[in-house]
Amino acid sequence: MRQVELPIYPVVYPTGHRLNQNESQFPLPDRIKNQLDSLTYHDLHEYPVEPINELFERYAAYAGVTPEQLLVGCGSDEMIHVVTQALLAPHDIVLSPAPDFSMYPIFTTIAHGHHVQAVDLSYEGMVKAIETHHPKLLLLSNPNNPTGKLWTIEELTHLASLVPYIVVDEAYMDFTPDASMIPFIATLPNLIVLRTMSKAFGLANVRIGFMVTNCELAHYFRQFIPPFNISGVSAKICNIFLKDATYLQETIEWHDEMRQKWAQAFKAIGHVIPATTNFLYVELEQPEAVWAHLTDLNVHTSKQPTGIRVTIGDEAALHLAHTAIQQYMETSHVKNS
Ligand SMILES: Cc1ncc(COP(=O)(O)O)c(C=O)c1O
């Protein structure tokens with residue numbers, strides 16, 4: 001057996017108020033519900049073909065690329081898995097900023113690579129870390145999970161010129177599509193972009209994610225994916241959402257309003273980092289204690305070194321979290337940062 005110490009996810013997950021997984025709570029419009037209700041399942045005995053062909057066409061049109069530039073998988077998690085498996089030789093170095101998505105070190109280790117992090121989330125920090133570690137692959141989320149920071153196109157273009165490969169994980173980019181690196185795939189031959197239906201599209205349960213890159217890299221990565229790796233049922237569901245003319249805009253606007261409202265509320269108890277995502281990072285004096293207090297109340301948030309990351313959407317849970325933090329701070333005399 002390999003000597004690895006990776007986190008083991010629970011067999012049975014805790015229930016409660018989940019403000020820790022960045023799931024969408026946008027209420028589905030009736031027209032979408034009706035289409036979902038009319039889905040037919042008479043083809044469950046067959047491996048999926050038509051719905052996946054349609055998904056490739058629809059997502060390619062949405063992303064402004066050709067179907068040959070896409071790979072699809074069980075969430076963008078599977079795409080991170082494929083990228084690391086396909087690119088890394090044992091001990092190759094993968095560099096991410098700090099903080100960034102928790103799955104990057106895990107998938108790097110599974111792929112026999114070595115994951116290192118820059119000292120912070122700055123562009124200068126990344127350049128310095130590249131000079132020190134000579135990574136084969138830069139793996140970063142944009143917007144950044146957990147802070148919501150957006151890297152600029154100029155910064156990413158320059159970072160791409162310093163390494164053999166760069167993966168820009170755009171899980172939350174549907175909220176601000178103008179900042180996407182997808183238009184630069186044509187000019188940056190080492191650029192791989194990851195996307196998902198889990199966040200702005202609100203389909204975490206269908207488990208569909210994409211890799212978007214140039215045709216040559218897509219062809220290479222396709223070797224690392226088995227046939228029929230996603231469900232046709234999931235593909236059919238995604239197709240309904242992708243063909244709706246206004247759904248995405250509606251959910252973006254709903255999230256914008258929610259985020260503004262809750263950023264305002266959380267400002268009274270901590271520093272809120274500006275974001276365009278479906279979560280907020282609230283900087284707190286005692287993040288660990290506040291997080292534990294909320295967990296005791298069955299409100300799950302994401303514990304971070306300088307604060308907590310809170311998913312924006314479930315108003316009842318957000319009220320509960322907000323009040324609980326306020327009370328906690330009053331009783332323990334904690335000052336805001
Ligand atoms: C930055 C980032 N990348 C990838 C994922 C994985 O998403 P999924 O596998 O649902 O597509 C997440 C989920 O939270 C995320 O925050």
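Here is a quick tour of the structure above, from its domains and sheets to its ligand and a few backbone details.

This is a predicted model, where local features need pLDDT of at least 70, side-chain atom pairs count only at pLDDT 80 or more, and totals for chains, interfaces and linings use all residues. Residues are numbered from 1 along each chain as its sequence is written. The protein splits into domain 1 (17-22 + 247-332) and domain 2 (30-243), with bounds that come from an automatic or database domain assignment.

**The two domains**

- The C-alpha centres of domain 1 and domain 2 sit 26 Å apart.
- Where they meet, 17 residues of domain 1 are in contact with 16 residues of domain 2; being in contact takes C-beta atoms, placed from the backbone, within 7 Å.
- On the side of domain 1 that touches domain 2, α9 (247-267) and β10 (279-283) each supply at least two residues. Helices (H or I, at least four residues) and strands (E, at least two) are DSSP runs, numbered from the N terminus.
- Helix α9 gives that side its largest share, five residues.
- By type, that side of domain 1 divides into eight nonpolar, eight polar and one charged. Here Ala, Val, Leu, Ile, Met, Phe, Trp, Tyr, Cys and Pro count as nonpolar, Asp, Glu, Lys and Arg as charged, and the others, Gly among them, as polar.
- UniProt lists residues 19-321 as "domain: Aminotransferase class I/classII large", in an unreviewed entry; its positions are given in the numbering used here, feature names are shortened, and annotations may be inferred rather than shown by experiment.
- The end C-alpha atoms of residues 19-321 lie 9 Å apart, and the span is 40% helix and 16% strand.

**The seven-stranded sheet**

- Seven strands make an open sheet in the order β2-β8-β7-β6-β5-β3-β4, and the pairing is mixed. Two strands pair if DSSP finds at least two bridges between them.
- At the edges are β2 (70-73) and β4 (114-117), each pairing on one side only.
- Neighbouring strands of this sheet are turned by 20° against each other on average, direction ignored. Axes are lines fitted to C-alpha atoms, for helices over the stretch in contact, and angles run from 0 to 180 degrees between N-to-C directions.
- Strands β2 and β8 (residues 209-212) pair in the antiparallel sense over four bridges, and Gly73 has Gly209 in β8 as its bridge partner.
- Helix α2 (residues 50-63) lies across β2, β7 (191-196) and β8, running at about 120° to β2.
- Helix α7 (residues 215-222) also packs on the sheet, touching β2, β7 and β8, with its direction at about 35° to that of β2.

**The four-stranded sheet**

- Another open sheet has four strands in the order β9-β10-β13-β12, with antiparallel pairing.
- Its edge strands, β9 (271-273) and β12 (302-303), each pair on one side only.
- Three bridges join β9 to β10, and Ile273 has Tyr281 in β10 as its bridge partner.
- Helix α10 (residues 287-296) packs on this sheet, touching β12 and β13 (307-311), and its direction makes about 40° with that of β13.

**Around the ligand**

- Of the 13 residues around the ligand, the ones that come nearest are Gly75, Ser76, Asp77, Thr196 and Ser198. A residue is near a molecule or strand if its C-beta atom, placed from the backbone, lies within 6 Å of it.
- Helix α3 (residues 75-87) provides the largest share of this shell, three residues.
- The shell divides into three nonpolar, eight polar and two charged residues.

**Backbone details**

- The peptide bond from Ala98 to Pro99 is cis, with omega near 0°, and Pro99 sits in the loop between β3 (93-96) and α4 (103-110).
- Asn142 and Pro143 are also joined by a cis peptide bond, with omega about -5°; Pro143 is in the loop between β5 (137-141) and α6 (153-160).
- His91 has a phi near 75°, a positive value in a residue other than glycine, and its place is in the loop between α3 and β3.

Note on methods. Two residues are in contact if their C-beta atoms, placed from the backbone, lie within 7 Å.
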